Amino acid sequence: QHPGELMSRINRDFLSILRDVGSPMFVTAVYAVIDVADGKVHYANAGHPSPFVLRKSQGVAVPLDGHDVHDPALGIVEDLSYRTYE
């Protein structure tokens with residue numbers, strides 16, 4: 001499963017719940033899948049600040065490269081297809 005696809009499904013379900021409750025609300029989230037074998041991270045970002053990678057060997061936390069933008073928080077835009085970043 002791609003993180004963007006799951007985030008899109010969560011958004012759709014969350015909006016459905018909010019309609020039933022009648023309360024405006026939103027949630028920020030990041031969902032990541034880390035492949036330790038090839039060192040790749042696939043993630044989706046819904047309105048959350050850019051995620052960081054902790055590099056224990058160097059003792060630093062660095063932002064994931066090039067993705068200062070993100071998709072809107074969950075519960076704001078209907079039928080949004082969230083993107084998966086690598």
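View 1. Phe14 is buried, its relative accessible area being 16% (buried means under 20% relative accessible area, exposed over 50%, partly exposed in between, with a 1.4 Å probe and protein chains only). The model is predicted, so local features need pLDDT of at least 70 and side-chain atom pairs count only at pLDDT 80 or more, while totals for chains, interfaces and linings use all residues. Residues are numbered from 1 along each chain as its sequence is written, and side-chain values use heavy atoms, with hydrogens and water left out. Phe14 belongs to helix H1 (helices, H or I of at least four residues, and strands, E of at least two, are DSSP runs numbered from the N terminus). Residues up to four places away in sequence aside, Phe14 touches Met25, Phe26, Val27, Leu74 and Gly75 (contact means heavy atoms within 4.5 Å). Between the C-alpha atoms of Phe14 and Met25, eleven residues apart along the chain, the separation is 9.5 Å.

**View 2. Leu18 in helix H1.** Leu18 also lies in helix H1 and counts as buried at 11% relative accessibility. Not counting residues up to four places away in sequence, Leu18 touches Ser23, Met25 and Gly75. Leu18 and Gly75 are 57 residues apart in sequence, yet their C-alpha atoms are 7.7 Å apart in space.

**View 3. The largest nonpolar core.** Eight residues form this core: Met7, Phe14, Leu18, Ala29, Ala44, Ala46, Leu74 and Tyr82 (a nonpolar core is a set of buried Ala, Val, Leu, Ile, Met, Phe, Trp, Tyr and Cys residues joined through side-chain atoms within 4.5 Å). Two or more residues come from each of H1 and strand S2 (40–46), and H1 gives the most, with three residues. With residues up to four places away in sequence not counted, the contacts of Leu74 include Met7, Phe14, Ala29, Ala46 and Tyr82.

**View 4. Ser8 and Tyr82.** Ser8 lies in helix H1 (residues 3–21) and counts as buried at 12% relative accessibility. A polar atom of the Ser8 side chain lies 2.8 Å from the backbone nitrogen of Tyr82. Neighbours within four places in sequence aside, Ser8 is in contact with Leu80, Ser81 and Tyr82.

View 5. Strand S3 (residues 52–55) and strand S4 (residues 60–63) pair in the antiparallel sense over four bridges (two strands pair if DSSP finds at least two bridges between them). Opposite Leu54 stands Ala61 in S4. Four residues lie between the strands of this hairpin, in which Gly59 takes a positive phi near 70°.

Conventions. Polar contact = N/O pair within 3.5 Å; in protein donor to acceptor, adjacent residues only side chain to side chain.
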